[in-house]
Amino acid sequence: MSAVALPESMTVPTSYAGDSDVALAAAGDRLAFERLYRLHVNRVFSLCARMVTDRSRAEELTQDVFVRAWEKLHLFRGESAFGTWLHRMTVNVVLNARKTEGRNRARFEDDEEGDGVDSLPSRPLAPGDRMDLEAAIATLPKGARRVFTLHDIEGYKHEEIAEMLGVTSGATKAQLHRARLLLREALNR
Amino acid sequence: MTIYMPLDCDGFAAELADYLEGDAPDAVRAAMETHAAVCADCRQLLEDIGTIRDEAAALPTLTPSRDLWAGIADRIEAPVIPFEKKRSTIVVRRTWMRPAVAAAALVVFTAGITYGVTKKYFDNPASTPPALPGVVATGPSRAPDSVVPPAASAGTSNPTVAIAGPSVPSAPTPNTERRSPTPSGESAPPAGAYLANDGERVIDETRPMYDREIDKLRQIVKARRTQLDPKTITVLEQSIAVIDSAIAQSRRALKADPASGYLAKELNQSLEKKVELLRTAAMLPART
């Protein structure tokens, strides 16, 4: 089976109203940057929310992403779509935030990334329960949830995810498979 | 890894990840599809995972519960002020300078009045102290050594204390006369020193001057006790006791936190009140 095609939500039109705004914002036009924010905020927030599962934290991270984007906009060369650049930045911001804020806490949480050991979902379901996919994703262990979100929802390739997470692509494939099996179980399918 | 053909369910599960990722060899791929065609459970597993994958790709975007732009705008619009630390230091110094200069000016003013009262009283102890003298400021900075005693205007009912700054030419005029050292015989620092140093030092240096003024006024009031009404003396002493308590509290607090501008200002205000009260008492008319 070939790799999953880029989902529609991930594709960024090559010509959209934000093109000129990117140039304006890079020149310091805050109004143009606000228009870019309006255009991309939901996608950025969605990624943050699914990666961290805490909506208020996801909102903070979304703000961090746009502040960082404003600071780094002069480095955007237009080699990719602005949305792609922003999306990659979102992943980096989320991952870095989790690294810095959770060093101590991570020792006691389900940070099993890369160890190949299955762990229970953070919120186990009672037998017979059903839930929608969004809720089921939130129950996944952190490592599996990240890979599932980046691969099956956001459409990144294993090589890209492996690079972002600093693991091998074999590890991301294993995490993805585990995530899918856990989701199937959670969804009682 | 050895693959046994045809696949059973365990073999199917073991190869499923590679199959889904497109990494399985063609022979394995064909074997899995053959097994799925005859095994309902494994077929269901394959279908379920395909469904999950498809649903995941079609998940809608989420929306924040609030507009996040305001928080972003606040952060990106925060002005960058170069050398902020240095600028804030200057502001602090200027903030300190205002009460400091005011305190210095007040001490000089008070010293002039005290000098006038003292001289008048000790020249003629039986007389009633003069009314509150007027003040003429002739320069931007003042110091006790530039106070002109009211002797120059003796004989008038409203003697004038002229205060001249050091930068102002001190040529004697009918109403001005430089005296040095101060009336108490102590040489006070030149007026310019108050403006040349920072605020904390100016405030610190004014306190001994307040104390000297208070001592002098106390002597006058003490000497005049017999001339004043006992009830007035009682009220006066009660008021002074309240002010002394405030002064003592301020001094203790300032000792614990010497850098506090607020406490320094409070102490100076209390000292100022005491000077005013004593001066008023020193100038009260004698009991008839």
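Is A:Thr53 buried or exposed, and how many other C-beta atoms lie within 10 Å? A:Thr53 is buried, with 20 other C-beta atoms inside that distance. Keep in mind that what you're looking at is a predicted model.

**A:Thr53**
- You'll find A:Thr53 in the loop between H2 and H3 of chain A.
- Its backbone is worth a look: phi of A:Thr53 is near 65 degrees, a positive value in a residue other than glycine.
- For context, most residues other than glycine have a negative phi.
- On burial, the count of 20 for A:Thr53 meets the cut-off, since a residue is called buried at 20 or more.

**Where chain A meets chain B**
- On the chain A side, 33 residues are in contact with 25 residues of chain B.
- Helices H2 (30-52), H3 (55-72), H5 (133-138), H6 (142-153) and H8 (169-186) of chain A are the elements that each give two or more residues to the side touching chain B.
- H2(A) gives the most to that side, with nine residues.
- Sorted by class, the side of chain A that touches chain B has 15 nonpolar, seven polar and eleven charged residues.

**The H1–H2 pair in chain B**
- Two packed helices are described by the angle between their axes and the distance between the axes.
- For helix H1 (residues 9-21) and helix H2 (residues 26-38) of chain B, the axes come within 10 Å and cross at roughly 125 degrees.
- H1(B) and H2(B) are therefore oblique to each other, as 125 degrees falls between the perpendicular range, which ends at 115, and the antiparallel one, which starts over 145.
- The crossing of H1(B) and H2(B) is left-handed.
- From H1(B), the residues B:Phe12, B:Glu15 and B:Tyr19 meet B:Val28, B:Arg29, B:Met32 and B:His35 of H2(B).
- By class, that contact of H1(B) with H2(B) has four nonpolar, one polar and two charged residues.

**Confidence in chain A**
- The mean pLDDT of chain A is 80, with 74% of its residues at 70 or more.
- Among the elements of chain A, H3(A) has the highest mean pLDDT (95), and helix H1 (residues 18-26) of chain A has the lowest (83).
- Residues 1-17 of chain A have pLDDT below 50, and this stretch has 24 contacts in the model beyond near neighbours in sequence.
- Residues 107-125 of chain A also stay under 50, and here the model has 30 contacts beyond four places in sequence.

Definitions and conventions:
Residues are numbered from 1 along each chain as its sequence is written. Chains are lettered from A and ligands numbered from 1 in the order in which they are written. This is a predicted model: local features need pLDDT of at least 70, side-chain atom pairs count only at pLDDT 80 or more; totals for chains, interfaces and linings use all residues. Two residues are in contact if their C-beta atoms, placed from the backbone, lie within 7 Å. Helices (H or I, at least four residues) and strands (E, at least two) are DSSP runs, numbered from the N terminus. Ala, Val, Leu, Ile, Met, Phe, Trp, Tyr, Cys and Pro count as nonpolar, Asp, Glu, Lys and Arg as charged, and the others, Gly among them, as polar. Axes are lines fitted to C-alpha atoms, for helices over the stretch in contact, and angles run from 0 to 180 degrees between N-to-C directions. Angles under 35 degrees count as roughly parallel, over 145 as roughly antiparallel, 65 to 115 as roughly perpendicular and the rest as oblique. A crossing is left-handed if the near helix is turned anticlockwise from the far one by less than a right angle, and right-handed if clockwise. pLDDT is the predictor's confidence in each residue, from 0 to 100. A residue is buried if 20 or more other C-beta atoms lie within 10 Å of its own, exposed if 12 or fewer, and partly exposed in between; C-beta atoms are placed from the backbone.
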